[in-house]
Amino acid sequence: MGSDCLFCRIVAGEIPATVVRETDTTLAFRDIDPKAPVHVLVIPKEHYADVATLAQGDPALAADVLATSAAAAEDEGLLGDGFRLMFNTGVYGGQEVFHVHAHLLGGAPLGPMLARNLA
Ligand code: 5GP
Ligand code: ZN
């Protein structure tokens, strides 16, 4: 993937990001357009398009993403009051960047999980 993928370019250091945590296999950085007081994106450094491809292709790496998400939640002081961890996936999921990323959201009550909007 690489140069065509925004988040691969962040991993490569070609596009700046505010990194809050890094491991050998994962990176956590602040969302450029935060939807909550804390909004961190957690990605595997290796390119997978979405969470289904990641979980099926490399379950251990999927677990690394979860572990880094939990560590980032702790760093951001979210463990007491709670947080939301979310993977938008595909067209119906509203995914815009096709390098899998967990949204770590918190710092205030987040409201209902979804606005009910079923036809
Ligand atoms: P998605 O809709 O794919 O689940 O979420 C993509 C997220 O990436 C959005 O929340 C958006 O604000 C964030 N984003 C898009 N471009 C950039 C960027 O260049 N840097 C950072 N840090 N976040 C970005
Ligand atoms: Zn990528």
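The model is predicted, so local features need pLDDT of at least 70, side-chain atom pairs count only at pLDDT 80 or more, and totals for chains, interfaces and linings use all residues. Residues are numbered from 1 along each chain as its sequence is written.

Helices (H or I, at least four residues) and strands (E, at least two) are DSSP runs, numbered from the N terminus. Helix α3 covers residues 59-75. Buried residues (under 20% relative accessible area, 1.4 Å probe, protein chains only) of α3 include Leu 61, Val 65 and Ala 72. The buried residues of this helix pack against β1, β2, β3, α2, β4 and β5, with contact meaning heavy atoms within 4.5 Å.

The zinc ion (ligand 2) is coordinated by Cys 5 (SG), Cys 8 (SG), His 47 (ND1) and His 99 (ND1), at 2.0 to 2.3 Å. Donors are N, O and S atoms within 2.8 Å of the metal (3.2 Å for Na, K and Ca). The four donor atoms subtend angles of 103 to 117 degrees, so the arrangement is tetrahedral (four donors, all angles between 85 and 135 degrees). Cys 5 lies before α1 and His 99 in the loop between β4 and β5, so the pair ties together parts 94 residues apart in sequence.

His 99 counts as buried because its relative accessibility is 0%. Cys 5 is buried too.

Notes: Chains are lettered from A and ligands numbered from 1 in the order in which they are written. Side-chain values use heavy atoms; hydrogens and water are left out. Four donors count as tetrahedral if all angles lie between 85 and 135 degrees; four count as square planar and six as octahedral if opposite donors are over 155 degrees apart and all others between 65 and 115; anything else is irregular. Buried means under 20% relative accessible area, exposed over 50%, partly exposed in between (1.4 Å probe, protein chains only). The expected span of a helix is 1.5 Å times one less than its number of residues.
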